[in-house]
Amino acid sequence: MARRKYVVGNWKMNGVTASIADAQAIFAAAGDHAGVDVAICPPFTLIGAMVAAVPGAEVGGQDCHSAVSGAFTGSVAAPMLADAGASLVIVGHSERREGCGESDADVRAKAEAGLGAGLSVILCVGEPCEVRESGRAIDYVLAQIAGSVPDDFDATRLAIAYEPIWAIGTGLVPTVDDVAAMHGAIRGALAARFGGAAEEDMRLLYGGSVNGDNACELLGAGDVDGALVGGASLTAAKFLPIVAAAAKL
Ligand code: PGA
């Protein structure tokens, strides 16, 4: 089975009830691009309302706790996301790895929790600026992959998002050659560990300042199956050109 293109919006800490109208507009128009899977990960508070407003839409959380329940004030468990109607969870975003001190082991435990709750998982990796400048980006990211990707999962349900930290929200993007080299290295490492399923079914997304102007080029790079999009996913006007670019590939 060929890997389907996948374009996912990460709304981060943006969106209130009125923003559901943007999601409705996005999912309605995305339906015109049958070859592309589209998902939105809004704040936890909007998951239930978004699922209710757009039945059948792929809606996800931006994080989950690794435990199923317990005394973890402020946290949300993966089965709770599923209960709210989510079908997906992002784990290991750099804003959580860096901002909340999450280790590779934490990210792996969260990925296992998401998979265990029946969710699909997008597991994020990516290097900081100084690592890129020192020429060690691929080694750094492959170490994150080794430490945070679980051992046993259905390859159709776990995607990797390569998001260089210095490209997130900055307007800076790597060269297409750098993206292709990184994605090729990730694909190779996954294939060495998991065999053919990693090549046939696991999707690799690029994330970091993707917009309607650069999507065609970035999504066209080797071994890129789609995009994880922050700022440009908040409105249909900005997000749909990215979905359209994916549909053309
Ligand atoms: P950005 O964010 O598109 O705003 O750079 C991407 C992300 O953090 O997932």
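These questions and answers walk through the strands and helices of a predicted model.

User: In what order do the 8 strands close into a barrel?

Analyst: The pairing in the barrel is parallel. From one strand to the next, the twist averages 25°. The order is β1-β2-β3-β4-β5-β6-β7-β8.

User: What is the bridge partner of G60 in β4?

Analyst: Strand β3 takes in residues 58–61 and runs parallel to β4, with 2 bridges joining them. The partner of G60 is L88.

User: Through which helix does the chain cross from β3 to β4, and what is the handedness of the crossover?

Analyst: β3 and β4 are joined by 2 bridges and run parallel. The chain crosses between them through helix α3, residues 78–83. This β-α-β crossover is right-handed.

User: Is S120 buried or exposed?

Analyst: S120 is found in strand β5. Beyond its neighbours within four places in sequence, S120 is in contact with S87, L88, V89 and R157. Its relative accessibility is 18%, and the cut-off for buried is under 20%. S120 therefore counts as buried.

User: Are α1 and α2 oblique or parallel?

Analyst: The axes of helix α1 (residues 20–30) and helix α2 (residues 44–53) come within 10 Å and cross at roughly 45°. That angle makes α1, relative to α2, oblique.

User: Which residues of α2 make the contact with α1?

Analyst: The crossing of α1 and α2 is right-handed. From α1, the contact is made by I20, A23, Q24 and F27. From α2, it is made by L46, A49, M50 and A53.

User: How does α1 lie relative to α11, parallel or oblique?

Analyst: Helix α11 covers residues 236–248 and packs with α1 at an angle of about 25°, their axes 10 Å apart. Angles under 35 degrees count as roughly parallel. So α1 is, relative to α11, roughly parallel.

User: Which residues of α11 make the contact with α1?

Analyst: α1 passes α11 in a right-handed crossing. On the α1 side, the contact is made by A25, I26, A29 and A30. On the α11 side, it is made by A236, F239 and L240.

User: At what angle does α2 run to β3?

Analyst: α2 lies across two strands, β2 and β3. Its angle to β3 is about 165°.

User: At what angle do α7 and α8 pack?

Analyst: Helix α7, residues 137–148, lies across β5 and β6. In α7, residues including V141 and I145 meet residues in α8 that include A185 and I186. The crossing of α7 and α8 is right-handed. Their axes are 10 Å apart, and the angle is about 35°.

Definitions and conventions
Residues numbered from 1 in each chain as written. Predicted model: local features only at pLDDT ≥ 70, side-chain atom pairs only at ≥ 80, totals over all residues. Heavy atoms only, no water. Pairing = 2+ DSSP bridges. Helix = DSSP H or I, 4+ residues; strand = E, 2+ residues; numbered from the N terminus. Right-handed = clockwise from strand over helix to strand, strands pointing away. Axes fitted to C-alpha atoms, helices over the stretch in contact; angles between N-to-C directions. Parallel < 35°, antiparallel > 145°, perpendicular 65-115°, else oblique. Left-handed = near helix turned anticlockwise from the far one by under 90°. Contact = heavy atoms within 4.5 Å. Buried < 20%, exposed > 50% of the residue type's maximum accessible area, 1.4 Å probe, protein only.
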